[in-house]
Amino acid sequence: METSLTYLGELCVPLSLLVIGSNLARSFSMGKPKITFDQVLIMAGKFVIHPLLIWGVFSLLGVQGLPLKVFILTASLPCHAQTAIMAEYYDLEGQYASNLVSLSTLISLVTIPIYAGGLLT
């Protein structure tokens, strides 16, 4: 029984990636997806404003050193795949959420090394 539940639990990530992939395939079948202004604002909030907000609030609270760096780096990570799954489950623009997850993952290929390099020095 425990093994069956373990296998079932390990299916979460692959299934979420299948849903995101199918949503992306659907969006690409309608033509080349364009990055819209609201997506740019969301990505700016995710990768610039959110880490700066974490830095400001935690600095005011006296958090310094490695814990502060960990919180800032965590704040700059891409959107979780579960976002698209929940949007799809509740029938709330799953395709849009999948596009945002994919876009944030691509952007994080640049931003994570920048944040990690700046925080580790």
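1. In this predicted model, Glu93 is an exposed residue, with a relative accessible area of 58%. Exposure is assigned here because that area lies over the 50% cut-off. Glu93 belongs to the loop between H5 and H6. The phi angle of Glu93 is near 55°, which is a positive value in a residue other than glycine. Along the chain, Glu93 and Asn23 are 70 residues apart, yet their C-alpha atoms are 9.9 Å apart in space.

2. Asp91 is placed in the loop between helix H5 (82–89) and H6. Its relative accessibility is 69%, so Asp91 counts as exposed. For Asp91, too, phi is near 55°, again a positive value in a residue other than glycine. The backbone at Asp91 and at Glu93 may therefore be inspected with the exposure of Asp91 and of Glu93 in mind.

3. The next point concerns the packing of two helices. Such a pair is described by the angle between the two axes and the distance between them. Helix H3 (residues 37–60) and helix H4 (residues 66–75) have axes that come within 8 Å and cross at roughly 155°. H3 is therefore roughly antiparallel to H4, the threshold for that term being an angle over 145 degrees. The crossing in which H3 passes H4 is right-handed.

4. Which residues meet where H3 contacts H4? From H3 come Lys46, His50, Pro51, Ile54, Trp55, Phe58 and Ser59, and from H4 come Leu68, Phe71, Ile72 and Ala75. Sorted by class, this contact comprises 8 nonpolar, 2 polar and 1 charged residues.

5. The largest nonpolar core has 7 residues in all: Ile54, Phe58, Leu68, Ile72, Ala75, Tyr115 and Leu119. At least two residues of this core are supplied by each of H3, H4 and helix H6 (94–120). The greatest contribution is that of H4, with 3 residues. Ile54, Phe58, Leu68, Ile72 and Ala75 are members of this core and also take part in the contact of H3 with H4.

6. Tyr115, one of the residues of the largest nonpolar core, touches Phe47, Val48, Pro51, Ile72, Leu73 and Ser76, when residues up to four places away in sequence are not counted. Another core, of 6 residues, lies apart from the largest one; among its members are Ala81, Ala84, Ala97 and Val101.

7. Ile20 is located in helix H2 (residues 12–29). With 6% relative accessibility, Ile20 counts as buried, since the limit for that term is under 20%. Neighbours within four places in sequence aside, the contacts of Ile20 are Ala81, Ala84, Ser98, Val101 and Ser102. Ile20 and Gly118, by contrast, are 98 residues apart in sequence and 31 Å apart from C-alpha to C-alpha.

8. Is Gln39 buried or exposed? Gln39, which lies in helix H3, has 5% relative accessibility and therefore counts as buried. Setting aside neighbours within four places in sequence, Gln39 is in contact with Lys34, Tyr96, Asn99, Leu100 and Leu103.

9. Met43 is a further residue of helix H3. A relative accessibility of 6% means that Met43 counts as buried. Beyond its neighbours within four places in sequence, Met43 contacts Val48, Leu100, Leu103, Ser104 and Ile107. Met43 and Ile85 are separated by 42 residues in sequence and by 19 Å in space, C-alpha to C-alpha.

10. Ser108 is found in helix H6. This serine has 5% relative accessibility and so counts as buried. Its contacts, not counting residues up to four places away in sequence, are Phe47, Pro78 and Pro113. Phe47 is touched by Ser108 and also by Tyr115. Between Ser108 and Lys69, which are 39 residues apart along the chain, the C-alpha separation is 17 Å.

Methods
Residues are numbered from 1 along each chain as its sequence is written. This is a predicted model: local features need pLDDT of at least 70, side-chain atom pairs count only at pLDDT 80 or more; totals for chains, interfaces and linings use all residues. Side-chain values use heavy atoms; hydrogens and water are left out. Axes are lines fitted to C-alpha atoms, for helices over the stretch in contact, and angles run from 0 to 180 degrees between N-to-C directions. Helices (H or I, at least four residues) and strands (E, at least two) are DSSP runs, numbered from the N terminus. Angles under 35 degrees count as roughly parallel, over 145 as roughly antiparallel, 65 to 115 as roughly perpendicular and the rest as oblique. A crossing is left-handed if the near helix is turned anticlockwise from the far one by less than a right angle, and right-handed if clockwise. Contact means heavy atoms within 4.5 Å. Ala, Val, Leu, Ile, Met, Phe, Trp, Tyr, Cys and Pro count as nonpolar, Asp, Glu, Lys and Arg as charged, and the others, Gly among them, as polar. A nonpolar core is a set of buried Ala, Val, Leu, Ile, Met, Phe, Trp, Tyr and Cys residues joined through side-chain atoms within 4.5 Å. Buried means under 20% relative accessible area, exposed over 50%, partly exposed in between (1.4 Å probe, protein chains only).
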